[in-house]
Amino acid sequence: MRTTVRFRGRELGVRCPLVMAIVNRTPDSFYDRGRTFEFDAALAAVDEAVSDGADIVDIGGVKAGPGTVVDVDEEVERTAPFVAEVRRHFPDLVISVDTWRHEVGRAVCARGADLLNDTWAGADPKLVEVAAEFRAGYVCSHTGGAVPRTRPHRVRYENVVRSVIRETTRQAERAAELGVPEDGILIDPTHDFGKNTRHSLALLRHTDELVATGWPVLMALSNKDFVGETLGTELSERVTGTLAATALAARDGAAVFRAHEVRQTRQVLDMVAGITGDREPASTMRGLV
Amino acid sequence: MLVAAGIFPHPPVLVPEVAGRRSADLDGMRTNCERAVTRLFDAGPDLLVVLGGDERTACHGSDVRGTLLPHGVDMTFGDGGVRLPLSLTIGRWLLGSRTELVSTEFRSVGWGTAPADCLELGERLAGLAPRVALMVLGDGSACRTERSPGFLDPDAVPLDDHVAEALRGGDTAALAALDPKAAERLLVAGRPTWQVLAGAAEGRSPEGELLDYQAPYGVGYFVASWRFDAPADR
């Protein structure tokens, strides 16, 4: 099992899982609803995420769901100058960009991005080639073949876990063949994308099987619909469910957690690692003085 | 000859256990489905053909089972050897134990089947027995609102309204004229099966009743019942 990951030379240990903070330069993403759309607000969000314990920031320029069309130029404009600024402020921070377009991938890698989070599973097959060209990291996702920015409609799988393992490992092997550094490749079951809630729950139930592939597993669970549907709660009440899912997936060996609530996620992961013995407690004075 | 037809929706959430806490949303529609199923049997058919959309056109026979496992729900209806697609799985669930009451045949029609081929299939199905009842599974557009699975397309609601009127009026010509390309773009699952119905009822002046038409989750659902005058030779 891999104990470190490396993105353009920036190495991170994964014995205690990593937190990937979500920073959206979008006016309409489902959870933050434009809170960090403005350049300065986004920069402040990165600063806060880093001090809350983020190991990676994941910058997005287009909301995942359907909505206003954002063309390549607009997406580049939202992400590339921002990546450059984040790089200037945080020379050692791992910067990820959430995109499915190779033109955007090239623009952000040229400005300092380390990792391309291809949430739409290779919908643009040239994106992974850009990752290889820049020796950047790459996230291999599973959407069941969904078109970018579409919702699932009566999707079905003979075995969703097997489908995810087959598709993400196929992509990971291809990425490595194309020249993406092997220690910079992550696989992501991609909850909610091309899946109903029961599919997403099954993927958490079988996290150990994803981990057993040997590729580091990224879990993007934060405040998603499957959490809301499982608990019967609205968007504002999904944090507890997200953290419960995070704890179990961390226990089963997932390596990276993409999160809105960085501080709480960091605490959950540190606590789980304390329980599993992968992290020393911060201090142990009780009964020892 | 066709003696009755029923038109039904087929979302997995029609099964209450799938919808869970929100199952009551569709209680009214389930009651209307039950009414439409009862009318099929009241017509005294000697063959019930259950028709739903799928990847391909096929006759699955009567030794069937429908399962929601591919949708993540461990529920199976019937215990036959042939596994049904989703549309017919919901049909099998709606029938429950009533498949034993009359000879029943499950058939699928391919999503991309041309209208002329649908009409011809319908004509053939109507001729399979002296008294045929047709259970037609088919849904309207999944692009009705911004919250719909297929997001908003302004053409969606007008198309669904048009279908609703056709089902209410027993208007076979209107169903036969539905444009496959528009239906595909608007994620209308019912187009091929409604056109098979149109073929089966061709020249018969059905008396239609629209029992339900709603879209609580952004997908058009219809429940309708078509009666036919007794054949002249009875």
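Reader: What share of the contacts in chain A with a separation of 6 or more comes from residues 24 or more positions apart?

Author: In this predicted model, such residues account for 67% of those contacts in chain A. A pair counts as a contact when the C-beta atoms lie within 7 Å.

Reader: What makes the radius of gyration of chain A agree with that of a compact globule?

Author: For 289 residues the globule rule gives a value near 19 Å, and chain A has 18 Å, so the two agree. The C-alpha trace of chain A spans about 60 × 45 × 40 Å along its principal axes, and 49% of the residues in chain A are buried.

Reader: How is the packing of helix α9 against helix α10 in chain A described?

Author: Two packed helices are described by the angle between their axes and the distance between the axes. For α9(A) and α10(A) the angle is about 35° and the axes are 9 Å apart. The crossing is right-handed. Residues of α9(A) including A:Leu243 and A:Ala247 meet residues of α10(A) including A:Val268 and A:Val272. By class, this contact has 7 nonpolar, 4 polar and 1 charged residues.

Reader: How many residues of chain A are in contact with chain B?

Author: In chain A, 13 residues are in contact with 12 residues of chain B. The chain A side has 4 nonpolar, 4 polar and 5 charged residues.

Methods. Residues are numbered from 1 along each chain as its sequence is written. Chains are lettered from A and ligands numbered from 1 in the order in which they are written. This is a predicted model: local features need pLDDT of at least 70, side-chain atom pairs count only at pLDDT 80 or more; totals for chains, interfaces and linings use all residues. The radius of gyration is taken over C-alpha atoms; the globule rule is 2.2 Å times the number of residues to the power 0.38. A residue is buried if 20 or more other C-beta atoms lie within 10 Å of its own, exposed if 12 or fewer, and partly exposed in between; C-beta atoms are placed from the backbone. Two residues are in contact if their C-beta atoms, placed from the backbone, lie within 7 Å. Ala, Val, Leu, Ile, Met, Phe, Trp, Tyr, Cys and Pro count as nonpolar, Asp, Glu, Lys and Arg as charged, and the others, Gly among them, as polar. Axes are lines fitted to C-alpha atoms, for helices over the stretch in contact, and angles run from 0 to 180 degrees between N-to-C directions. Helices (H or I, at least four residues) and strands (E, at least two) are DSSP runs, numbered from the N terminus. A crossing is left-handed if the near helix is turned anticlockwise from the far one by less than a right angle, and right-handed if clockwise.
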